[in-house]
Amino acid sequence: MALQVGIIGLPNSGKSTIFNALTRAGAAVAGYPFTTVDPNYGVTAVPDARLERVAAAAGCARVVPADLRVVDIAGLVEGAHRGEGLGNRFLAHIREVDAVAHAVRCFSAPDVPHVRPRLDPAADIALVNTELILADLEALARRKERIGKAARSGDREKARELEVLLKVEEGLKGGVPVRGQELEGEEREALAGLFLLTAKPVIYVANLGEEQLEEGGSLVEDVRRVAEEEGAEVVAFCAKLEAEIEELNPEEMREFLEAYGIEKLGLELFVQRCYHLLGLITFFTTESGECRAWPLRKGSTAVQAAGKIHTDMERGFIRAEVLGWEEFLAHGSFQAAREKGAVRLEGRDYVVQDGDVMLFRFH
Ligand SMILES: Nc1nc2c(ncn2[C@@H]2O[C@H](COP(=O)(O)OP(=O)(O)O)[C@@H](O)[C@H]2O)c(=O)[nH]1
Ligand SMILES: [Mg+2]
């Protein structure tokens with residue numbers, strides 16, 4: 001199952017606006033087959049400036065970017081952990097995602113209702129995180145009950161697990177999400193089976209109003225302060241504006257960006273950050289006139305990379321020819337690089353590096 005990001009946040013924080021802009025951005029990439037599995041689940045292309053350059057050097061007619069799976073997770077209201085609103089469905093969806101993008105309302109828009117009379121991003125974030133923390137506390141309590149007896153009657157493994165549960169529980173009661181707690185690798189492993197919501201990596205999206213773009217806005221600072229405490233990332237942009245930009249042709253888009261003083265689309269940055277948050281890196285292939293970017297979990301080996309392309313390639317793996325993407329640009333093709341003796345031959349256990357251009361030899 002491909003890794004995915006879930007967009008959460010209070011009602012009217014801009015989740016669907018972000019989701020729609022993203023999935024359209026994916027559709028806008030030429031030749032990229034866009035799919036919407038259901039209205040809340042989409043795939044977007046991951047912008048990568050290296051891909052176009054590698055494709056041009058290799059003379060590839062078709063360019064296929066890596067993709068990112070995104071879910072628009074509605075239904076968070078106060079009391080969601082008790083099943084209020086769409087609470088249960090909401091929790092089930094968030095449990096399935098690998099990282100969370102937390103949309104925070106920083107735009108005023110008097111015509112769009114909000115849970116409180118004045119904008120208060122820190123309070124909004126706390127409201128959302130409290131629901132997730134309460135849901136995690138319930139999961140911990142259930143687990144404690146299940147293993148409590150064994151832990152007390154001499155099962156050492158269970159006793160150790162119980163210790164971890166108590167430690168994490170205390171942190172959560174103090175308002176610290178699991179991702180922000182200091183835990184050893186072994187302790188995190190003990191928690192893995194619980195799929196705790198606040199253990200997932202998070203990126204906060206400060207959804208700005210059109211009027212704040214130039215000033216930057218103090219509301220973003222509020223978001224940043226919260227994020228810093230957790231060691232989480234922040235990206236700030238106006239989702240509504242960027243969704244509109246997606247409708248423009250490239251020429252109009254450039255004028256538009258200049259007029260607003262935007263250097264890089266926030267959405268692009270957002271997708272790239274999500275990709276990293278998921279622990280993904282990219283390798284490229286340039287076979288059969290197609291240049292393609294493949295997402296791969298950081299730390300994966302050459303044979304695992306081959307398996308992304310085809311199971312036959314994984315099974316019959318012999319070796320991989322590898323060039324860093326900049327080396328590839330310098331030579332233009334594997335053939336030219338081979339003649340210069342520049343191609344690296346790597347075995348199945350080679351750890352793939354971000355930006356590697358790879359050619360697999362297999363039976
Ligand atoms: N003025 C303004 N309105 C926005 C912005 N982002 C979202 N909205 C509006 O807020 C409303 C709720 O947005 P939506 O994406 O549906 O929020 P969701 O409930 O979190 O999915 C919609 O009417 C959006 O057009 C923004 O940056 N500025
Ligand atoms: Mg929505």
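Me: Hello! Which element supplies the largest share of the shell around ligand 1?

Reply: Helix α1 does, with three residues. Helices are DSSP runs of H or I with at least four residues, strands are runs of E with at least two, and both are numbered from the N terminus. Both α1 (15–28) and β7 (202–208) supply at least two residues of the shell. Before we go on: this is a predicted model, where local features need pLDDT of at least 70 and side-chain atom pairs count only at pLDDT 80 or more, while totals for chains, interfaces and linings use all residues. Residues are numbered from 1 along each chain as its sequence is written, chains are lettered from A and ligands numbered from 1 in the order in which they are written, and side-chain values use heavy atoms, with hydrogens and water left out.

Me: How many residues surround ligand 1?

Reply: A residue is near a molecule if one of its heavy atoms lies within 4 Å of it. Here 16 residues surround ligand 1, and the closest are Asn12, Lys15, Ser16, Thr17 and Leu208.

Me: Where are polar contacts to the ligand found?

Reply: A polar contact with a ligand is a pair of N or O atoms within 3.5 Å. A polar backbone atom of Asn12 is 2.8 Å from an oxygen atom of ligand 1. For Ser13, a backbone N or O atom lies 3.2 Å from a ligand oxygen. Lys15 uses its side chain, with an N or O atom 2.8 Å from an oxygen of ligand 1. On its own, ligand 1 has 580 Å² of accessible area, and the protein covers 77% of that; such areas come from the Shrake-Rupley method with a 1.4 Å probe.

Me: What is a nonpolar core, and which residues have the most contacts inside the largest one?

Reply: A core is a set of buried Ala, Val, Leu, Ile, Met, Phe, Trp, Tyr and Cys residues joined through side-chain atoms within 4.5 Å. Buried means under 20% relative accessible area, exposed over 50%, and partly exposed in between (1.4 Å probe, protein chains only). The largest core has 44 residues, and Ile7, Ile18, Leu22, Leu68 and Phe270 have the most contacts inside it. Its largest share, six residues, comes from helix α10 (residues 266–277).

Me: Is Phe283 buried or exposed?

Reply: Phe283 is buried, with a relative accessible area of 0%. This residue lies in strand β9 (residues 280–285). Contact means heavy atoms within 4.5 Å. Leaving out residues up to four places away in sequence, Phe283 touches several others, including Trp294, Leu296, Ile309 and Phe360.

Technical notes. Polar contact = N/O pair within 3.5 Å; in protein donor to acceptor, adjacent residues only side chain to side chain.
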